[in-house]
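Let's take a walk through a protein model and look at its aromatic rings and its nonpolar cores. Have the structure open and follow along.

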Amino acid sequence: MMQNVHLAPETDEDDLYSGYNDYNPIYDIEELENDAAFQQAVRTSHGRRPPITAKISSTAVTRPIATGYGSKTSLASSIGRPMTGAIQDGVTRPMTAVRAAGFTKAALRGSAFDPLSQSRGPAPPLEAKKKDSPEEKIKQLEKEVNELVEESCIASSCGDLKLALEKAKDAGRKERVLVRQREQVTTPENINLDLTYSVLFNLASQYSVNEMYAEALNTYQVIVKNKMFSNAGILKMNMGNIYLKQRNYSKAIKFYRMALDQVPSVNKQMRIKIMQNIGVTFIQAGQYSDAINSYEHIMSMAPNLKAGYNLTICYFAVGDREKMKKAFQKLITVPLEIDEDKYISPSDDPHTNLVTEAIKNDHLRQMERERCVEVVKASQYVELANDLEINKAVTYLRQKDYNQAVEILKVLEKKDSRVKSAAATNLSALYYMGKDFAQASSYADIAVNSDRYNPAALTNKGNTVFANGDYEKAAEFYKEALRNDSSCTEALYNIGLTYEKLNRLDEALDCFLKLHSILRNSAEVLYQIANIYELMENPSQAIEWLMQVVSVIPTDPQVLSKLGELYDREGDKSQAFQYYYESYRYFPCNIEVIEWLGAYYIDTQFWEKAIQYFERASLIQPTQVKWQLMVASCFRRSGNYQKALDTYKDTHRKFPENVECLRFLVRLCTDLGLKDAQEYARKLKRLEKMKEIREQRIKSGRDGSGGSRGKREGSASGDSGQNYSASSKGERLSARLRALPGTNEPYESSSNKEIDASYVDPLGPQIERPKTAAKKRIDEDDFADEELGDDLLPE
């Protein structure tokens with residue numbers, strides 16, 4: 001068996017560790033000290049430069065080095081790479097791996113440094129575009145097409161329809177040539193679809209205005225059938241118009257409805273116009289029931305004059321009188337959309353006011369007024385000229401130009417009885433608002449004598465009588481006005497106020513309840529009903545009606561404070577606080593409300609909150625010492641004695657003769673052990689002595705003469721009444737903020753002691769326009785006053 005086993009000789013075995021001692025001599029660091037090239041590199045700057053090129057060979061390479069004398073020496077490098085800056089193979093080696101600017105591969109020693117290549121001279125000129133290039137031809141042709149479309153539109157607007165059509169045809173021909181050229185140069189996606197659409201649409205429009213309806217329909221069909229044109233379906237309305245001109249009503253309605261389907265629901269105005277066209281088509285076709293459906297939908301969505309008028313005509317055609325009346329009522333409620341107030345500034349913007357003032361009486365405005373009246377005078381409607389003059393006067397009133405209004409009305413006063421009555425009625429209202437009751441009564445008499453059945457004149461006459469305190473006679477004038485015109489709500493309102501003055505509360509309540517059935521959401525009427533229930537000592541009903549007032553005008557501070565007062569009487573402090581606080585939030589200057597809130601917080605022992613209200617009261621009435629004493633008292637009760645002392649001292653400096661302030665100062669200084677207590681005590685004693693002497697003099701003077709005493713008492717009472725009136729007038733709140741009347745004051749225009757014939761905004765005496773063939777009259781809204789425009793009922 002062993003004879004088949006052959007052992008390998010020892011010389012054939014591989015040495016597993018052979019080659020570990022073999023290494024490249026380049027990495028031999030033991031002989032670096034003897035390497036002259038390495039030592040030279042260390043001693044010079046060459047050794048600090050990083051290696052730039054890859055190693056060439058592991059053998060040493062001899063490199064010539066230039067010296068300062070031009071000679072060259074050769075140094076050997078152990079790393080085997082050419083030295084930086086050396087010349088190898090006739091080419092200067094660059095300094096770094098990235099060739100620096102200004103160097104070239106050629107061995108140009110001594111050439112100038114030119115990094116920007118300025119020595120090459122200027123750049124060659126730009127190559128001119130070729131005018132005959134396809135792109136330039138396309139642009140030029142596109143420009144010509146646009147110009148032709150514009151010329152066509154201009155010719156059409158000037159009335160030259162034939163020229164417009166010729167230009168449109170030329171634009172169409174050139175546009176087709178343009179499309180073919182574009183298809184040859186670019187892809188079909190780059191075709192200008194907007195230009196194609198505008199050319200076709202203009203061509204169809206020109207066909208239509210030239211009554212070439214067949215060609216127009218064909219052109220519209222080309223646009224509509226092209227799916228690349230977005231929103232082209234709306235043009236079906238134009239096609240429907242053409243079919244309507246051709247009296248092809250069925251196709252017209254079909255295309256109108258197709259166009260209606262193409263219009264999104266958000267574009268309500270366009271949908272309404274298309275539905276109006278559908279209604280007109282049904283009317284011309286004699287299908288009135290279908291037309292009624294269209295117009296009823298329009299009046300429910302966006303009422304307008306044309307739709308309302310056509311709906312009324314359709315009901316007349318079918319003989320439905322009741323629905324015709326309702327349609328006519330809807331028609332007269334549609335706003336006229338006429339800019340009647342363009343010369344009246346709608347806001348407080350100073351810039352807008354300046355512009356309005358500048359154009360109010362310029363030459364154009366003067367010419368407008370003159371031509372309007374003169375044209376009417378020269379026409380067959382000459383009787384309307386007087387109405388225009390009265391409208392002119394009313395416009396002056398709304399612009400606060402009372403002198404011009406009075407001048408116009410005095411001229412009209414000299415006309416016939418009808419115009420004279422209307423002018424005198426308005427003059428009576430003007431003088432009444434100016435508190436010239438004599439003139440107001442005189443013109444009211446003229447108005448009544450000119451037209452005994454004029455309810456506005458009778459109402460204004462009743463106002464002047466009411467101002468003189470003759471309530472029974474005023475009631476008679478109001479009753480006569482109601483007999484002449486049962487719908488005269490001004491007279492009904494004022495007669496209710498008259499009965500309230502006469503303490504005939506049941507009759508007054510009947511008047512206001514009847515008026516409430518006519519004017520459901522009138523805050524003035526609701527307030528008067530609540531006021532009468534309060535006078536009848538029925539607070540629960542008064543609160544109920546005041547709550548209805550709050551639902552109509554939730555931000556009126558006077559109504560809210562009245563509700564707080566009624567709840568306070570009923571003992572419901574929480575509800576009273578709620579309404580008083582709301583009233584204070586909307587009008588934080590009502591002293592009565594501030595005083596109640598401060599007292600409420602004192603009762604609940606929230607002294608810090610009470611201080612806030614009394615401090616505000618002291619700001620509103622800085623001459624009233626009681627508010628500052630209340631602030632000091634709240635500080636003292638809350639335990640802040642130092643703050644209370646400072647407040648008392650400040651109050652004493654402002655009111656040095658106030659005895660109550662000195663008493664608190666003496667007491668507080670004594671409790672705090674301050675030396676100032678003696679000084680304040682001496683001042684208090686001196687003031688009390690002076691007060692006692694003054695009272696003795698007054699008493700001895702009264703005992704001296706009974707007659708003179710009576711005179712002095714009368715004088716004092718007169719002075720007292722006068723002072724009270726002045727005080728009440730001084731403390732009267734702004735008419736804009738006190739929106740509702742007092743409990744027994746008449747409904748008035750601009751004065752707090754006058755009665756008025758109106759009941760709705762704008763407030764003012766009754767103003768009437770003479771009744772003409774057009775049956776026009778001036779409503780309350782035709783007369784406005786800035787102080788009254790935002791008020792409901794001044795107190």
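**Rings, charges and cores**

Start at Lys-609, which lies over the face of Phe-606, 5.6 Å from the ring centre. A charge counts as sitting over a ring if NZ of Lys or CZ of Arg is within 6 Å of the ring centre and within 35 degrees of the ring normal. Arg-585 does this too: it lies over the face of Tyr-586, at 4.7 Å from the ring centre.

Before going on, a word on what you're looking at: this is a predicted model, where local features need pLDDT of at least 70 and side-chain atom pairs count only at pLDDT 80 or more, while totals for chains, interfaces and linings use all residues. Residues are numbered from 1 along each chain as its sequence is written, and side-chain values use heavy atoms, with hydrogens and water left out.

The structure holds 20 aromatic pairs. Rings of Phe, Tyr and Trp (its six-membered ring) pair if their centres lie within 6.5 Å; planes under 30 degrees apart count as stacked, over 60 as edge-to-face and the rest as tilted. Take Tyr-197 and Phe-201: their ring centres are 6.2 Å apart and their planes meet at 5°, so this pair is stacked. Both sit in helix H4 (residues 193-209), four residues apart, or about one turn of the helix. Helices (H or I, at least four residues) are DSSP runs, numbered from the N terminus.

Buried means under 20% relative accessible area, exposed over 50%, and partly exposed in between (1.4 Å probe, protein chains only).

Another stacked pair is Tyr-580 with Trp-596, at 4.4 Å centre to centre and 25° between the planes. Tyr-580 lies in helix H25 (residues 573-586) and Trp-596 in helix H26 (residues 591-603), so the pair ties together parts 16 residues apart in sequence. Tyr-580 is buried at 8%, and Trp-596 is buried at 14%. Both belong to a cluster linked by ring pairs, whose members include Phe-606.

Finally, look at the largest nonpolar core, with 108 residues; Leu-597 and Tyr-648 have the most contacts inside it. Such a core is a set of buried Ala, Val, Leu, Ile, Met, Phe, Trp, Tyr and Cys residues joined through side-chain atoms within 4.5 Å. Helix H16 (residues 417-433) gives the most to this core, nine residues.

Technical notes
Helix = DSSP H or I, 4+ residues; strand = E, 2+ residues; numbered from the N terminus.
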